[in-house]
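Good morning, everyone, and thank you for coming. Please take a moment to look at the sequence and the model on the screen, and then I will walk you through a few of its parts.

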Amino acid sequence: MNNIELATIYLPLLDEVYKAESKTAILDGDEVTVQKGQHGEIKVAKLDMDGLGDYTRNSGYTKGSTKFVWETIKYDKERSQELRIDRLDNEESLGILFSKLSGEFIRTKVIPETDAARFAKISSVDGISKKAETLADGAAAIAALRTCANKMDEDEVSPENRILWLTPTLKGLIDDLDTTKSKKILEKFSTIIEVPQSRFYTAITLNPGTENSYGYKKAEDGKNINFMCVEKSAAVTAMDQYVKYFTPDQDQNGDDNVFDYRNNNLYGHVYENKRAGVYVSYDDAA
């Protein structure tokens, strides 16, 4: 199997792992909402329109406007890593080794960081609903979710595609109540996804990969998120993944099979006219 074949075969597998394991892949745009641009840019579809006006016999229909434009924005970040497999490993098992190595890398390194960066980016947007609160028990959690649902209802946010992310601990507190109240409030959200607290912060720091500093960590001013609700059309995310392979004979820094991994991320874009569709509850003390 040559260099190009390996990269071509395994990149779709990495995409499959990402889509299956990521907590935020549900927000990824498709070809209808996202187009790749040039020079580190990406285009996202933006739709807006005017409301009703009077119909008159003389002038006829109100002359409002409908706007559909491709808004050009910058990707947030490029991240990378080099994966190595020694030459002496059986050449026939190279594909299996790389499949295991890359799959574990995507699951344990790429996905948690990408999820964490997306939650932090969306949380930082001005104009969304944010509330600082400590949710110590199930009753407090239900009350907080009710406040979120009421806010979105009053703002006429569509109830059909409200995605709720919350920590397993918070979900457990709600489930332990096992009451009509808990069931009713969860019915206000179309999709419920549990997110480990370790990737659920209002702000993170992406380590540069120098001096053994890799991955991400909670920022000094970051707070623990209790839950986040996003109406699906209010925000969009995107990630492009790339893989290159070099044989041991091509390796200039050792004697390894080298797989270079790189991604380019739009961690989150919240549409200006749909910021009512994002609600974040966070613990100001944590």
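Let me begin with a term: two strands pair if DSSP finds at least two bridges between them. Helices (H or I, at least four residues) and strands (E, at least two) are DSSP runs, numbered from the N terminus. With that in hand, strand β2, residues 41–49, pairs with β3 in the antiparallel sense over nine bridges, and within that pairing D48 stands opposite K67 in β3.

Before I go on, please keep in mind that this is a predicted model, in which local features need pLDDT of at least 70 and side-chain atom pairs count only at pLDDT 80 or more, while totals for chains, interfaces and linings use all residues. Residues are numbered from 1 along each chain as its sequence is written, and side-chain values use heavy atoms, with hydrogens and water left out.

Back to the sheet: three strands form an open sheet in the order β1-β2-β3, with antiparallel pairing. Why is one side of β1 and of β3 left without a neighbour in the sheet? The reason is that β1 (34–36) and β3 (66–74) stand at the edges, where each has a single partner strand.

Next, helix α3, which runs over residues 138–154, has 17 residues and reaches 24 Å from its first C-alpha to its last, close to the 24 Å expected at 1.5 Å a residue; the expected span is 1.5 Å times one less than the number of residues. Several residues of α3 are buried, among them G138, A141, L145 and M152, where buried means under 20% relative accessible area, exposed over 50%, and partly exposed in between, with a 1.4 Å probe and protein chains only.

What do the buried residues of α3 pack against? They pack against β6 (162–166), α4 (168–177), α5 (180–186), β10 (224–231) and β13 (278–283), and contact here means heavy atoms within 4.5 Å. Just after α3, E156 takes a positive phi of about 60°.

Leaving aside its neighbours within four places in sequence, N224 is in contact with several residues, including Q197, F200, Y282 and D283.

Finally, strand β12, residues 256–270, is mostly covered, with 13 of its 15 residues buried. Strand β4, residues 77–86, pairs with β12 in the antiparallel sense over 10 bridges, and E78 stands opposite N264 in β12. Strand β11, residues 235–246, is joined to β12 by 11 bridges, and the two run antiparallel, with Y261 in β12 as the bridge partner of V243.
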